[in-house]
Each structure stands twice: as C-alpha cells, then as structure tokens.
Amino acid sequence: MRVSIASAAVVGLAATAVAIDPLVIKGSKWFNSKSGDQFFAKGVDYQPDITSTNQIRDPLADKAGCTRDLPFLKDLGVNAIRVYQTEPFGNHDDCMKMLADAGIYVMLDLSTPTETINRDSPSYDADLLGYYQRKIDTFSKYDNVFAFLAGNEVANSANNTDSAAYVKAVIRDTRAYIKKKSLTIPVGYATNDDGDIRWQQQAYFDCGSSDEQAEFYGLNLYEYCGEDATFESSGYADVVKNFTNWDVPVILTEYGCNAIRPRTFPEIKSIYGSDMTDVFSGGFVYEYVEESNKYGLVDVSGSSGSKTEDYNNFKKALAATSPKGVSMKSYSAKGKQQSCPDVSKQNSWQASSDLPPTPSNATCECMMKTLSCVSKTTKMPTSNSDLKTFGEDVGNIFGQVCADIDCGDVSGDASTGKYGKYSFCNAIQRVSWVMNAWYESQRGVDGSCDFNGFASTTKPELSSDSTCSNQKDSSSNTSNKDGKDSSEETGSEPDSSSTVATLSASAIFVIAAAMLL
C-alpha cells in the first residue's frame, strides 16, 4: 500500500535560512569543519527527473521538483544526496538552499552520459575538462556541496581498464583547478565491485603522486541481500577488510540489493554500526525515485509523489542507527597509500601510472595554424542525426588514413602510458590533423584534400608546429565551446539545444573511434 505526502508539506520548510557547516577531510574520515564531529553520510541517490522527461537533466535546477521531494527526504531522515546529472547552467539557488536549510549535503557527479570518459573508446580533451570546470564553478559556492565524483563505474571489467588512466587524469586536473581557486572540495571516484579488477582499481586510484590520487573512494555494492544475509556471508566483511588502514575516506556511493523484495535493508545496521564505521563513512541507498528496475523509495508523478513498499523499511532501519565516530581533534591519520598495480593481461589491468596530459586549447589551436588541409566543419553539429553523420564521416577518415599513416600524434595508449602531443585535441582538430597528414603524404595532388567534400585546403599561418607543444591556456577555464560562463546564466533554464551541443568533441570522437574497432 502506498501513502501520499502532499507537496504542500514543504510550506514553511525553507522560510528561514539555516547555515550548514562545510565538511572537511582529515585522513580517511570526513568531519564537520566547525564542530569537529565525524560525518557519516545517511544518504540516498537522487535523480528524479529521468523517469518523467528526457529534456531536463538537472534536478537541482527544478524548484518545483525539489519542493515536491524535500518533505520525503526530511521524513526519511537523510543528511546527504548523491546527484548523478546536473548542468553548469540554470538557477540552482532555490534547491540548494532548501537542501542546506534541511541539513542535507550534496555529492555531485561531474560527468553526464554525454560528457564523460567512454570506457570502450577513452579520450580526454579540453572541452570535457572545460565542462567539468564550469560545473565546479557553478556548484562550489554552496557550502553543502561536500564532494565531486570524476566518474562512475567507467572501468567496469578487465577489458576496459585502460579508461581508468583517463579518469585519473580528470581527477588530477579538476583537483588542480579547485586548488587554484582556493577551494577544498574533494574529487573522488565511484566504482562497481567487479571481482576481476577489484583490488587493482582500489590501488590504482590511490597510488602515485598525491595530486593524482582520488581524495575519496566510492563503492557501488549490492551484495547484502535479504534478512538471511549476514555481514560475513554477504561479503561486506571482506570489503571492509580490504579497506582497513586506507589513507582516504571510503563510502558506499550505491547500496541496496533488491533481489528479495520488499527490501528491509539489514545492511544498514552494519554500515552505521561497529562493523563498518571505523573504515566507511556511511553511504547512499539506491535510489530515491521508482523506475522499472524497482529500486525506488518514492514513486514520482508530476508534482506529487507516493511511498513505495521500501520507503518505511528504509526509514525505520536508518532511524535505528547512531554511528559512533571520533572527533577531528583527537583523530590521528594512520592510513597507508597504495602502490600502483602492474600493467599486464595476467594481472587484468591495462592502465599505466603515466597519465594522459592536461588538455590545452592553445596547443591545439597552434597546431591547426600549421595545417594545409582541414575540416570544413568548424563547429560541432547540434542535432542527433547530424552528429551521427559527422561521427560516421570522422570514423571513415580515421580508418582510411590511419591504416597507412602513423597517427600516433593524435592517439593515446593508456596501457603503455604513451600519448601523442595532440591526443587531447578535439574531434575536429584531430581529424584535420589526420587529413592533413594524408594530404602531405600525397604531396598535395589534386583531390587528396577532399574526403568526399569533408575537407578543404587552406593557407597555413605557421610553417612549423615546433612552438605548439606544451602551450598553456591563458584563461582559467580550458573549454573553447561557445556559451557564457555559468555565473552569467544563473537565471536561465537549460535549453535542449544546449544539451545536445555539449556532446561536442569528446563525445563525437567516441563515435569515430568506435567505428575503427
């Protein structure tokens, strides 16, 4: 039986602002920066817009949705939400204030389904980094944003672990950007619990230079199923053992097996009890909204919502916990950083500790000035059909040219840690380099810069690319995409054409590269 909560219950909830203390990390634990109390996330994964529309991807820019959902979140007793998809435009002030007033912290994924490292054809360019930087600019002003995630289950099996190197490069570069802005919000990574690559991933995101290290580690874990399961039989005991003496916080970014329904959440007793609180910083149950996979706590329909069978069970289990932590003053960090896993097929790991370089638009723009044969397309298409056609054209060109000519300057190999000097350029720039390489190999004969009308000749501005390598971008934000800075758009709503346009360079190169497989 489902019971409705009227949206009107939110009246008066955010009438008076309540200050929320920022969280900080010390060693392997989160603490309240003012009180010094240890923080345990009693959280829920929150992405309610996915089931209702494909156009609005940002629930924190949806005041009506937040007004509808906040009474449920307060009633459940959660103190944190994880939000998978947000955008660096739109007005988030209302939702973030409602959450802060309710004492609810927010963990944000930087990536979206289109703006992400693709596990099967990984690449990383200035447009993607710029998108993440704009999202950091947008949300870092809110005291209740306590963490960013650089990726979610990107490397999820032994055959795509090379993608981890690109995610770790994102961690390095977003951390550097946050530090440059004198902020302290940590950047971490969330992974599935794949047995073949479990320990390798744990070690990889913790190893190496301190500025490349994930500042916290998230685990999506669904192995504690039903009342008959125990801390030991579920495998949770082994997971805790694996992270004992870790040097950064570990948190369950997803949990809540639904193999047996309705869920009664017996794992909550372990998560917030003596079984796990020395090692884990709480977690986020999957998920807030009911979907076809039947994990939801609330069934959302328009401006109203109703409780699912799991709702009261989760609320009851969470209310019965009172995790015992330590004070920041008395806590002494003793964790040990891990060594990087060996790269080998036998070890089921193909990500070198040598990471892709930081993308630089200045370098790529300099390179473009040396070319005699370039793409006629100078801006990315904005419709799905045009994007598909463009991706097919790019894939065909790469397949045609790179079968005969070394394209190493625009390629990367994470297993060896070798990356071309233009490997981080966007799709238009990289395909232009490829076409120019073919044009030069044919000594500029008629028709060698055509590619079925895709390319045209131009007069180079520079005679050599000798000065292009390692140029630094002058602006703090590396993206060269059209559009205003997020601070200039706080009153606007997301536009569907803008959403499509964000596919841009990295997403299109994924399409092109996939066609070469």
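Biologist: Are Cys364 and Cys425 buried or exposed?
Modeller: This is a predicted model: local features need pLDDT of at least 70, side-chain atom pairs count only at pLDDT 80 or more, and totals for chains, interfaces and linings use all residues. Residues are numbered from 1 along each chain as its sequence is written, and side-chain values use heavy atoms, with hydrogens and water left out. Buried means under 20% relative accessible area, exposed over 50%, and partly exposed in between (1.4 Å probe, protein chains only). By that scale, Cys364 and Cys425 are both buried.

Biologist: How many disulfides are there?
Modeller: A disulfide is a covalent bond between the sulfur atoms of two cysteines. Here the test is a pair of cysteine sulfur atoms within 2.5 Å. The count comes to seven.

Biologist: What is the relative accessibility of Cys340?
Modeller: Cys340 forms a disulfide with Cys207, right-handed at 95 degrees about the S-S bond. The pair links distant parts of the chain, 133 residues apart. Cys207 is buried at 0%. Cys340 counts as partly exposed because its relative accessibility is 29%.

Biologist: Which cysteine does a disulfide join to Cys225?
Modeller: Cys225 is partly exposed, at 26% relative accessible area. The S to S distance is 2.0 Å, and the partner is Cys257.

Biologist: Why is the pair of Tyr286 and Tyr295 edge-to-face?
Modeller: Rings of Phe, Tyr and Trp (its six-membered ring) pair if their centres lie within 6.5 Å; planes under 30 degrees apart count as stacked, over 60 as edge-to-face and the rest as tilted. Phe139 and Tyr142, one of 23 aromatic pairs, are tilted because their planes lie at 55 degrees, with centres 6.2 Å apart. For Tyr286 and Tyr295, the centres are 5.3 Å apart, and the pair is edge-to-face because the planes are at 75 degrees.

Biologist: Which ring does the charged end of Lys168 sit over?
Modeller: A charge sits over a ring if NZ of Lys or CZ of Arg is within 6 Å of the ring centre and within 35 degrees of the ring normal. For Lys168 the distance to the centre is 4.5 Å, and the ring is that of Tyr204.

Key
Helices (H or I, at least four residues) and strands (E, at least two) are DSSP runs, numbered from the N terminus.
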